[in-house]
Amino acid sequence: MKKIIPLTVLATVLLACSAYAAKKKISSGLEELFPGPLLDSKGTEVSKDSLAGKTIGIYFSAEWCPPCRGFTPSLVKFHEKNKKDFEVVFVSSDKNPTAQMAYMKKYKMNWHTLPHRSDAANALAKKFGVRGIPALIIVSADGKTITKNGRGDVSGKPGKAIAEWKKSS
């Protein structure tokens, strides 16, 4: 009986350690791209570690923009089919945080977003030279730019985009 208790404790400790080690952490490259808080589609802060190991689409868009309203449903569908390997981070150009969240809800954008007009959101627009919307920038799990033409890839070759992005990363 005395040997069973230490073995049980040891097994519990080993399982806890392996579960902790198995949890993926965000890369330093993604941490640099997203230094501030990351929100879910309801505005609640979430762990950036949910981006770990995934190809990321940084989506610059707004509800007031007709081309954005045209492309967003395609991106939602693409994300749903590929969410195991692909995540979206929305950077809003909406008029205010309420409009941002209303747009996300209306179009069922069940992905991450940056706080409205945050320093991190502005820095991303500057880094990638975004001059018009919609824009979809694809980055690797390491935070390296794969393409600035994610919108064209999702629209033109949705069945091949993930595989091609992975080859390029």
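Analyst: **Aromatic pairs and their surroundings**

The count comes to 8 aromatic pairs, where rings of Phe, Tyr and Trp (its six-membered ring) pair if their centres lie within 6.5 Å, planes under 30 degrees apart counting as stacked, over 60 as edge-to-face and the rest as tilted. In one of them, Phe78 and Trp165, the ring centres are 5.7 Å apart and the planes stand at 65°, so the pair is edge-to-face. Because Phe78 belongs to helix α3 (residues 66–82) and Trp165 to helix α7 (residues 161–168), the pair ties together parts that are 87 residues apart in sequence; helices are DSSP runs of H or I with at least four residues, and strands are runs of E with at least two, numbered from the N terminus.

This is a predicted model, in which local features need pLDDT of at least 70 and side-chain atom pairs count only at pLDDT 80 or more, while totals for chains, interfaces and linings use all residues. Residues are numbered from 1 along each chain as its sequence is written, and side-chain values use heavy atoms, with hydrogens and water left out.

Both Phe78 and Trp165 are buried, that is, under 20% relative accessible area with a 1.4 Å probe, counting protein chains only (exposed is over 50%, partly exposed in between). One aromatic cluster is formed by Tyr59, Phe71, Phe90, Tyr103, Tyr107 and Trp111.

A charge also meets a ring: Lys127 lies over the face of Phe128, at 5.7 Å from the ring centre, the rule being that NZ of Lys or CZ of Arg is within 6 Å of the centre and within 35 degrees of the ring normal.
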